[in-house]
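Visitor: I would like a quick tour by question and answer. Please show me the model before we start.

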Amino acid sequence: LAGPWAKRKITAAFTDRIAVNRIGPFGLLIIVADAVRLLSKELIVPEEVDRPAWDLAPLVIASSALLGFAVIPMGSGLQLADPEIGLAYVFAVASIASLGLLMAGYASNNKFSFLGGLRAVAQNLAYEIPLVLTGASVVLFAGTLRLSTIVEMQAETLLTLGPVAIPSWYAFVNPFAFVLFMIANLAEVGRNPFDIPEAPTEIVAGYQTEYSSVYFVLIYLGEFIHIFLGGAIITTLFLGGPAGPVLPGIVWFMIKIWAVFLFTQWARSAVPRVRIDQLIQVGWKGMLVLSLANLVLTAIIVGVTSA
C-alpha cells in the first residue's frame with residue numbers, strides 16, 4: 001500500500017516538487033483517499049467492447065502477480081508452497097499478465113488501447129526470454145529450480161576481507177547476470193525506459209485507457225504487485241533471499257524488495273523512454289545475445305569447477 005505513496009514522493013524529489021503532504025502524516029492517508037475516490041467512481045463501459053474479455057483483463061493482471069508470491073521464501077517460515085519447479089512456476093504465472101494486457105487492449109475497442117496491448121506483447125516477448133535465460137544461469141549454479149534451495153545455496157561465505165565477510169549471493173558470484181536480470185525486469189514491469197505499453201505522451205494510457213473505477217484500481221494494483229514480485233524474484237535469485245544479520249528474515253526480505261522498488265522508481269524518474277523500435281532492437285539484438293552468452297559461460301564455469 002505504501003508503494004503509490006513512495007512513487008509520488010520519489011518522483012516529486014526528482015522533479016523538485018512537494019508531492020502529497022496534506023492527508024494524514026506525511027500524506028500517507030492519500031492511499032486511503034485514493035481508494036475511496038476511485039472505488040466510488042462510476043464504472044463506465046464503452047460501447048462495443050468485448051465485454052467478457054474487458055471484464056476479465058483486470059482480474060488476470062492482478063491475480064497473476066499474486067499467484068507468484070505463493071512459492072517465494074520470505075523468511076521466518078513464510079512460504080506457502082515449495083515445489084521442485086518453483087522458479088519455472090514463478091516465471092509462468094508472472095507471464096500471464098501479458099495475456100491480460102492484450103485482452104484489455106483488444107477488448108476496449110480503442111486504437112490507443114489496442115496499440116498498448118500489442119506493444120505489451122512485443123515487449124514481454126523480447127524481454128521475458130532474456131529474463132528466463134538469465135534465471136537459468138542461477139539454476140546452473142544452484143543445481144535446482146526449488147527456490148528455498150537456491151536461497152540456501154547463497155548462505156555460505158564467498159570471500160572474507162578482514163572483518164568483512166562477503167556472502168555468496170549470486171549478485172556477487174555472477175554480477176553480469178544480476179545486471180541483465182535487473183534490466184530485463186524493468187521491461188517486464190513496464191518501468192522507464194520501457195514503459196512503452198502505457199506511454200502517456202503517445203497513446204494516452206495504452207491498454208488501460210478505457211478503464212475506470214474498480215477496474216482501474218485492479219490494473220493499477222496489478223502493476224505495483226508485479227513490481228514487488230519482480231523485486232521478490234531478484235531478492236531470491238541474487239540477493240540471498242531473507243538472509244541477513246541480526247534482524248528477522250522477513251525484515252531483510254522486505255528491505256531488499258524495497259531496494260529494488262526504489263531502483264525502479266529511480267529509473268522511472270531519471271531515464272527517458274525509448275521508442276518501440278529501439279526497445280525491440282535492444283531486446284532481441286542485445287539482451288537476448290548477452291543472456292545466451294552468460295548462460296553458456298556459466299555452464300562452462302560450472303562444468304569446469306565440478307569436474
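Predicted model: local features only at pLDDT ≥ 70, side-chain atom pairs only at ≥ 80, totals over all residues.

Visitor: At what angle do α3 and α4 pack, and are they roughly parallel or antiparallel?
Guide: Two packed helices are described by the angle between their axes and the distance between the axes. For α3 and α4 the axes are 8 Å apart. The angle is about 160°. Angles over 145 degrees count as roughly antiparallel, so α3 is roughly antiparallel to α4.

Visitor: What is the handedness of the crossing of α3 and α4, and how many charged residues does the contact have?
Guide: α3 passes α4 in a left-handed crossing. Residues of α3 in the contact include Trp 54, Ile 61 and Ser 64. On α4, Tyr 89, Ala 94 and Ala 97 are among them. By class there are 17 nonpolar residues, 3 polar ones and, for charged residues, none.

Visitor: Where is His 226, and is it buried or exposed?
Guide: His 226 is placed in helix α10, which covers residues 213-238. Its relative accessible area is 11%. Buried means under 20%, so His 226 is buried.

Visitor: How do α8 and α12 pack: roughly parallel or roughly antiparallel?
Guide: Helix α8 spans residues 175-189 and helix α12 spans 276-306. Their axes lie 10 Å apart, at an angle of about 150°. That angle makes α8 and α12 roughly antiparallel.

Visitor: Which residues of α12 make the contact with α8?
Guide: The crossing of α8 and α12 is left-handed. From α8 come Phe 176, Ala 177, Leu 180, Ile 183 and Ala 184. By class, the contact has 7 nonpolar, 2 polar and no charged residues. The α12 side is made by Met 287, Leu 290, Ser 291 and Asn 294.

Visitor: Is Pro 73 buried or exposed?
Guide: Pro 73 is found in the loop between α3 (51-68) and α4 (86-107). It touches Leu 78, Gln 79, Leu 147, Ser 148, Val 151, Thr 236, Pro 242 and Phe 253, not counting residues up to four places away in sequence. At 7% relative accessibility, Pro 73 counts as buried.

Visitor: How many Å apart in space are Pro 73 and Asn 109?
Guide: In sequence, Pro 73 and Asn 109 are 36 residues apart. In space, C-alpha to C-alpha, the value is 41 Å.

Visitor: What is phi of Glu 48, and where is Glu 48 placed?
Guide: Most residues other than glycine have a negative phi. Glu 48 has a positive value, near 60°. The relative accessible area of Glu 48 is 69%, so the residue is exposed. Its place is in the loop between α2 (30-39) and α3.

Visitor: Which loop holds Val 246, and what is its phi?
Guide: Val 246 is in the loop between α10 and α11 (249-270). Val 246 is exposed, at 85% relative accessible area. Although Val 246 is not a glycine, its phi is positive, at about 65°.

Technical notes: Residues numbered from 1 in each chain as written. Heavy atoms only, no water. Helix = DSSP H or I, 4+ residues; strand = E, 2+ residues; numbered from the N terminus. Buried < 20%, exposed > 50% of the residue type's maximum accessible area, 1.4 Å probe, protein only. Axes fitted to C-alpha atoms, helices over the stretch in contact; angles between N-to-C directions. Parallel < 35°, antiparallel > 145°, perpendicular 65-115°, else oblique. Left-handed = near helix turned anticlockwise from the far one by under 90°. Contact = heavy atoms within 4.5 Å. Nonpolar A, V, L, I, M, F, W, Y, C, P; charged D, E, K, R; others polar.
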